[in-house]
Amino acid sequence: MNTPVLIIPGIGNSDANHWQTQWQRNNPSFVRLQIEDWENPQCELWTNAIDAAVQSLGPATVLVAHSLGCLALAHWVAQATHPVRGALLVAVPDPHGPAFPEAAQGFSPLPWERFSFPSILVASDNDPYASPEHAGYCADAWGSRLVRAGHKGHLNSASGLGDWEYGWTLLQSLRSLPVTTQIK
């Protein structure tokens, strides 16, 4: 399947054992968002980087965001001028939650615009960065299909997902959709 995939990690980037990194390692055509400083995130820089990557990859692109990358994606949608095929958002953090990093406060408040493309939001019931209620609210506001992952923590390396076969299946469902050519 020749559908461009843009990996959008969260704060700190995704480590070697993270499912995003494993997917990219197994699929060298996947592109990782390029950010100079993963430890001190700046919303505008991240959204600009997403926009540039999507413009380069084209409208058939599927976005795969984790954690803070999901918030950057939501901010990008609010100002997007380039269509994409779809998005997989995993472990959307709550910027008002007690565990949300101080360094990422620039991603709040969240935009609540409905996405103009299909999306799936995957949430864990015991994510330390967001309650299931927050995930449900985001899915409703953005028009995303909500998938509950059970008790899997932050759906990261510590969750022991390996190459996360179920997430891969969700990604393939998005990659098989037709391209949406309209923006808002």
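Proline 4 sits in the segment before strand E1 (5-8). Helices (H or I, at least four residues) and strands (E, at least two) are DSSP runs, numbered from the N terminus. This is a predicted model: local features need pLDDT of at least 70, side-chain atom pairs count only at pLDDT 80 or more, and totals for chains, interfaces and linings use all residues. Residues are numbered from 1 along each chain as its sequence is written, and side-chain values use heavy atoms, with hydrogens and water left out.

Contact means heavy atoms within 4.5 Å. Leaving aside neighbours within four places in sequence, proline 4 touches Leu57, Ala60, Thr61 and Val62.

Leucine 33 lies in the loop between strand E2 (31-32) and H2. Is leucine 33 buried or exposed? Leucine 33 counts as buried because its relative accessibility is 2%. Buried means under 20% relative accessible area, exposed over 50%, partly exposed in between (1.4 Å probe, protein chains only).

| Pair | Apart in sequence | C-alpha separation |
|---|---|---|
| Proline 4 and tyrosine 129 | 125 residues | 29 Å |
| Leucine 33 and valine 54 | 21 residues | 9.8 Å |

Now the cores. A nonpolar core is a set of buried Ala, Val, Leu, Ile, Met, Phe, Trp, Tyr and Cys residues joined through side-chain atoms within 4.5 Å. The largest has 39 residues; Leu63, Leu73, Trp76, Leu89, Leu121 and Trp142 touch the most other members. Elements giving two or more residues to this core include helix H3 (68-79) and strand E5 (119-123). H3 gives the most, with 8 residues. A second, separate core of 19 residues includes Val5, Leu88, Val90 and Leu171.
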